[in-house]
Amino acid sequence: MAPLPHLPADPDDDLTAYVGLGTAAATERARARGWSTVRALAPGTIVTMEYVAGRLNFEAEDGVVKRCWKG
């Protein structure tokens with residue numbers, strides 16, 4: 001496997017702190033902490049496996065974040 005290019009560092013953030021927040025509050029928090037791309041996804045949404053530095057993903061149900069991950 002080829003080495004990864006030098007990717008910018010992701011913001012230093014506690015991803016577990018997003019669980020339980022409303023999606024609007026979670027998005028606002030993520031942007032304030034330096035995430036360049038923030039997306040909220042419905043449970044079971046099919047997403048690609050590509051890693052995008054600086055992107056934060058939320059799985060949200062009924063407007064509440066259930067899960068959060070980088071990339």
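Lysine 70 counts as partly exposed because its relative accessibility is 38%, where buried means under 20% relative accessible area, exposed over 50% and partly exposed in between (1.4 Å probe, protein chains only). The structure is a predicted model, in which local features need pLDDT of at least 70 and side-chain atom pairs count only at pLDDT 80 or more, while totals for chains, interfaces and linings use all residues. Residues are numbered from 1 along each chain as its sequence is written, and side-chain values use heavy atoms, with hydrogens and water left out.

Lysine 70 is located in strand β3. Beyond residues up to four places away in sequence, lysine 70 touches Asp10, Leu15, Trp35, Tyr51, Arg55, Leu56 and Asn57, a contact being heavy atoms within 4.5 Å. The C-alpha atoms of lysine 70 and asparagine 57 are 6.1 Å apart in space, with a sequence separation of 13 residues.

Helices (H or I, at least four residues) and strands (E, at least two) are DSSP runs, numbered from the N terminus. The C-alpha trace spans about 40 × 25 × 15 Å along its principal axes. Of the 71 residues in the protein, 28% are buried. Among contacts with a separation of 6 or more, 36% are between residues 24 or more positions apart.

The protein exposes about 4,800 Å², of which carbon and sulfur atoms supply 57%. Accessible areas were computed by the Shrake-Rupley method with a 1.4 Å probe; for residues, only the protein chains shown count as cover. The mean positions of the 8 positive and 9 negative charges lie 2 Å apart. Lys and Arg count as positive and Asp and Glu as negative, without His and the chain ends; the place of a charge is NZ of Lys, CZ of Arg, CG of Asp or CD of Glu.

One aromatic pair is present. Tyrosine 18 and phenylalanine 58 form this pair, which is tilted, at 5.5 Å centre to centre and 40° between the planes. Tyrosine 18 belongs to the segment before α1 (23-32) and phenylalanine 58 to strand β2 (residues 55-61), so the pair ties together parts that are 40 residues apart in sequence. Rings of Phe, Tyr and Trp (its six-membered ring) pair if their centres lie within 6.5 Å; planes under 30 degrees apart count as stacked, over 60 as edge-to-face and the rest as tilted. Both tyrosine 18 and phenylalanine 58 are buried.

Arginine 29 lies over the face of tyrosine 18, 4.9 Å from the ring centre. The charged end of arginine 67 is placed over the ring of tryptophan 69, at 3.9 Å from its centre. A charge sits over a ring if NZ of Lys or CZ of Arg is within 6 Å of the ring centre and within 35 degrees of the ring normal.

Glutamate 59, in strand β2, is buried, with a relative accessible area of 19%. With residues up to four places away in sequence not counted, glutamate 59 touches Leu41, Ala42, Pro43, Gly44, Val64, Val65, Lys66, Arg67 and Trp69.

Aspartate 62 is found in the loop between β2 and β3 (64-70). Aspartate 62 is not a glycine, yet has a positive phi of about 55°. Its relative accessible area is 77%, so aspartate 62 is exposed. Alanine 9, in the segment before α1, is exposed at 74% relative accessibility. Alanine 9 and alanine 53 are 44 residues apart in sequence, with a C-alpha to C-alpha distance of 7.3 Å.
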